[in-house]
Amino acid sequence: MTGGDALVFLQGQFTQELRQEVAPSVAFGLWLNQKGRVLADSYALRIGEQEVWLFSQASAATVIRERLEAYIIADDVLIDDFTSSWRGLVLVGEDAKAWLSIQVGGALPDAGEFRRIGEGFVFRGWRGEGETWEWLSPEPFPGADDLPELSGSDMERLRIVAGIPLVPVDIGPGELPNEGGLDATAVSYTKGCYLGQEVMARLKAMGKVRRRLMRVAGSGPAPEPLPAPLYQGAKKVGELRSLAPTGEGRFAGLALCTLLGLVPEIPLSGSAEAPGNIQLLDTP
């Protein structure tokens with residue numbers, strides 16, 4: 001996003017604070033519709049008043065672009081999509097952190113900050129329980145082929161075990177940020193107006209949501225395909241949105257479940273007739 005109104009325009013659309021005098025250089029937030037439902041998420045990297053880069057792990061660039069273009073009227077804003085020409089490297093663990101610090105040439109950026117490597121960016125990500133790092137660049141990553149590589153399944157397991165929602169897989173256009181706990185990490189309640197802000201303010205002031213994304217663990221066959229319905233006895237109580245194998249015939253998952261009548265001690269199953277083989281790990 002570039003142009004004379006880039007930062008001011010985004011401030012009125014993004015759920016996180018972007019004003020230079022009070023906000024960090026890197027902010028993780030959401031793009032909501034008028035009803036407060038989650039259309040997409042992204043990191044916003046503020047280069048200056050007239051340049052902001054947006055990056056999302058799983059929300060499509062076309063979705064974010066269409067969401068923004070719908071509200072550009074007389075604003076001096078230009079949107080360019082560099083998805084096809086840029087690449088990303090995720091780094092997990094102390095060895096990867098040490099390797100990255102060499103590439104950066106010094107201390108890694110603090111939370112909310114970024115460092116430049118050539119034309120690219122390095123900043124702290126949110127992929128698991130420990131520190132993770134994102135390196136975005138239009139150029140190859142020198143020496144990265146020498147690092148041990150985690151599979152997609154490994155990365156999913158780290159994310160799911162940590163209870164981190166993936167937008168729009170776990171929380172999407174049918175859900176509110178609060179149903180996935182994203183109100184705590186991706187929503188500012190002090191920044192002022194943005195699209196969907198009135199809904200967020202009412203939720204904060206008036207009460208709780210009726211559904212919540214919760215961690216689950218199961219054994220044996222997992223429900224498929226995803227999203228898969230989940231039952232307690234004959235009652236449908238939610239949907240399994242994400243899962244990853246954890247070894248020895250077991251799996252971990254994230255499930256969006258109703259909070260009305262859900263009994264945490266009773267296992268869930270993939271059908272009304274099957275015995276329960278999925279246990280809730282979080283308390284409703």
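Residues are numbered from 1 along each chain as its sequence is written, and side-chain values use heavy atoms, with hydrogens and water left out. As the model is a predicted one, local features need pLDDT of at least 70 and side-chain atom pairs count only at pLDDT 80 or more, whereas totals for chains, interfaces and linings use all residues.

Helix H2 covers residues 61-69, and its buried residues are Ile64, Arg67 and Leu68. Here buried means under 20% relative accessible area, exposed means over 50%, and partly exposed is in between (1.4 Å probe, protein chains only). Helices (H or I, at least four residues) and strands (E, at least two) are DSSP runs, numbered from the N terminus. Looking down the axis of H2, the buried residues fall within an arc of 95 degrees, so they line one face of the helix; the arc is taken over the directions from the helix axis to the C-beta atoms. In general, an α-helix has 3.6 residues a turn, so residues three or four places apart point the same way. What the buried residues of H2 pack against is helix H1 (6-11) plus the strands S1 (26-32), S2 (38-48) and S3 (51-55), with contact meaning heavy atoms within 4.5 Å.

Next come the pockets. On a 1 Å grid over the protein atoms alone, a pocket is an open set of points where a 1.4 Å probe fits, with protein on both sides within 12 Å along at least five of seven lines, and lining residues have an atom within 4 Å of a point. Grid points are joined across faces, edges and corners, and the volume is the space filled by probe spheres set on the points. The largest pocket holds about 680 Å³ of space. Its lining comes to 29 residues, and Leu54, Phe55, Asp81, Phe82 and Thr83 lie nearest the centre. Two or more lining residues each come from S3, H2, strand S4 (87-92) and strand S7 (132-137), and S3 gives the largest share, five residues. Sorted by class, this lining has 17 nonpolar, five polar and seven charged residues.

Of its 19 lining residues, Val90, Pro148, Glu149, Leu150 and Met155 are the closest to the centre. S4, helix H3 (94-104) and helix H4 (152-161) each give two or more residues to this lining, which divides into 10 nonpolar, three polar and six charged.

As for charge pairing, the whole structure has 13 salt bridges, each being a side-chain nitrogen of Lys or Arg within 4 Å of a carboxyl oxygen of Asp or Glu. In H4, Glu156 and Arg159 are three residues apart, so about one helical turn separates them, and their side chains meet at 2.8 Å, N to O. Glu156 is partly exposed at 23% relative accessibility, while Arg159 is buried at 3%. Asp282 pairs with Arg215, the closest N and O atoms being 2.9 Å apart. Asp282 lies in the segment after strand S12 (278-280) and Arg215 in strand S8 (residues 211-219), so the pair ties together parts that are 67 residues apart in sequence. Finally, Glu175, Glu179, Arg211, Glu239 and Arg241 are linked in a salt-bridge network.

Definitions and conventions:
Ala, Val, Leu, Ile, Met, Phe, Trp, Tyr, Cys and Pro count as nonpolar, Asp, Glu, Lys and Arg as charged, and the others, Gly among them, as polar.
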